[in-house]
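Please read it with the structure open.

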Amino acid sequence: DKGNYRHFMAKEIHEQPEVVGRTVAHYTDLSAGRVALPFELPFDPAKLDRITIVACGTAYIAGLTAKYWFERIARVAVDIDVASEFRYREPPMSRDGVTIVISQSGETADTLASLRYAKAQGQKIVGVVNVGSSTMARESDVQALTLAGPEIGVASTKAFTCQLAVLACLALAFARARGELTVEAEARYVAEFLALPGLMAEALKHERDIEAVAHDLARARDVLYLGRGTAFPLALEGALKLKELSYIHAEGYAAGELKHGPIALVDEDLPVIVIAPPDGVFEKTVSNMQEVAARGGRIVLIGGAGGAEAASLKLHASIVMPAMAPTFAAIVYALPVQLLAYHTAVFMGKDADQPRNLAKSVTVE
Ligand code: F6R
């Protein structure tokens, strides 16, 4: 049932404050200000020197975002790969390591094969999955369920932000076990989780501004997405979503890679979506925006309230996100990124729920 929405995708985008709130509540003791995983870990995170993450598509992008959290907060190194490469590369793995697989459906053929490979190497498997009855849920040592509810739209939206929420909680739990997290820091992060649903609802209020940008994107031939830190995976996600829904060619790049190639694409016709929350690398992203502006590129900034002034550039448009602590901002900034792709597709008359050539669950490789 789509309720009052035109598409399941729109409904699922708008459900995110609720389902992320529910997922976070399941993994934390909000009143105590602590992470409280709903399962025992069959390994000691303090003994790990690295973890491996494997997934496909948007689930892979959730894993790439989590790499920043595991490395920065828990101080554990992360190897991450797309499942189709991982499974055939057959990398050496330690017998006492941990592999996290991420999958909405829990049935994706390459991810499942990767799970089985890692298990055969002696790894403990943490499955971040949305379908509790799925093969991956069954074959994982730890079922880390996302509580997104059934996702009908082919493009993953609410499963993605719930994956991010679960992975953030895992990163904090690992950090605590490794002695990397003070009680105060943990309480501060948990308070940030508590604020997420409200911030996400706030972000959704900017839908009109996003539609105006989408109207413009619908005429583009190519679109470039840029971001740094956890906004880099979001740039990949923005480009993936735009491609799959609107069939416009789009690329996501780490902003710092701009001058190593993609800047050659920039001209007056190229929309450049810059995802730049006010964080420790904002100034660096500003200098990349200046490089784009100097070549006449049409910059759309998704940033904080002061972002446009701080960049002191002529922007084509800006989508303003509420003020928030930077660490988990990607969970909120994902929403305008999804809406932009959705509305562009709708303006172009494409079926946002059933993009051509795509299947919801890729059970064959
Ligand atoms: C993109 C999308 C796909 C899936 C990918 C993995 O919007 O939906 O990229 O993320 O096919 O699927 P799961 O998560 O079911 O393993």
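Val 54 has Asp 81, in strand 4, as its bridge partner. The two strands concerned, strand 3 (residues 50-55) and strand 4 (residues 77-82), run parallel and are joined by 6 bridges; strands count as paired if DSSP finds at least two bridges between them. Between these strands the chain passes through helix 3 (residues 57-73), and the resulting β-α-β crossover is right-handed, a term used if, with the strands pointing away from the viewer, the path from the first strand over the helix to the second runs clockwise. Helices (H or I, at least four residues) and strands (E, at least two) are DSSP runs, numbered from the N terminus.

This is a predicted model, in which local features need pLDDT of at least 70 and side-chain atom pairs count only at pLDDT 80 or more, whereas totals for chains, interfaces and linings use all residues. Residues are numbered from 1 along each chain as its sequence is written, and side-chain values use heavy atoms, with hydrogens and water left out.

Asp 81 also takes part in a salt bridge, its partner being Arg 89. A salt bridge here is a side-chain nitrogen of Lys or Arg within 4 Å of a carboxyl oxygen of Asp or Glu, and the structure holds 21 of them.

| Asp 81 | Arg 89 | 1.9 Å |

Asp 81 is buried, with a relative accessible area of 16%, while Arg 89 is partly exposed at 46%; buried means under 20% relative accessible area, exposed over 50%, and partly exposed in between (1.4 Å probe, protein chains only).

Glu 151 is buried at 7%, whereas Lys 360 is partly exposed at 28%. Elsewhere, salt bridges link Lys 11, Glu 15 and Lys 158 in a network.

A search of the whole structure finds 0 disulfides, a disulfide being a pair of cysteine sulfur atoms within 2.5 Å. For Cys 56 the nearest cysteine sulfur, that of Cys 162, is 19 Å away. Cys 162 is likewise in no disulfide, the nearest cysteine sulfur being that of Cys 169, 11 Å away. Cys 56 is partly exposed, with a relative accessible area of 26%, and Cys 162 is buried at 0%.
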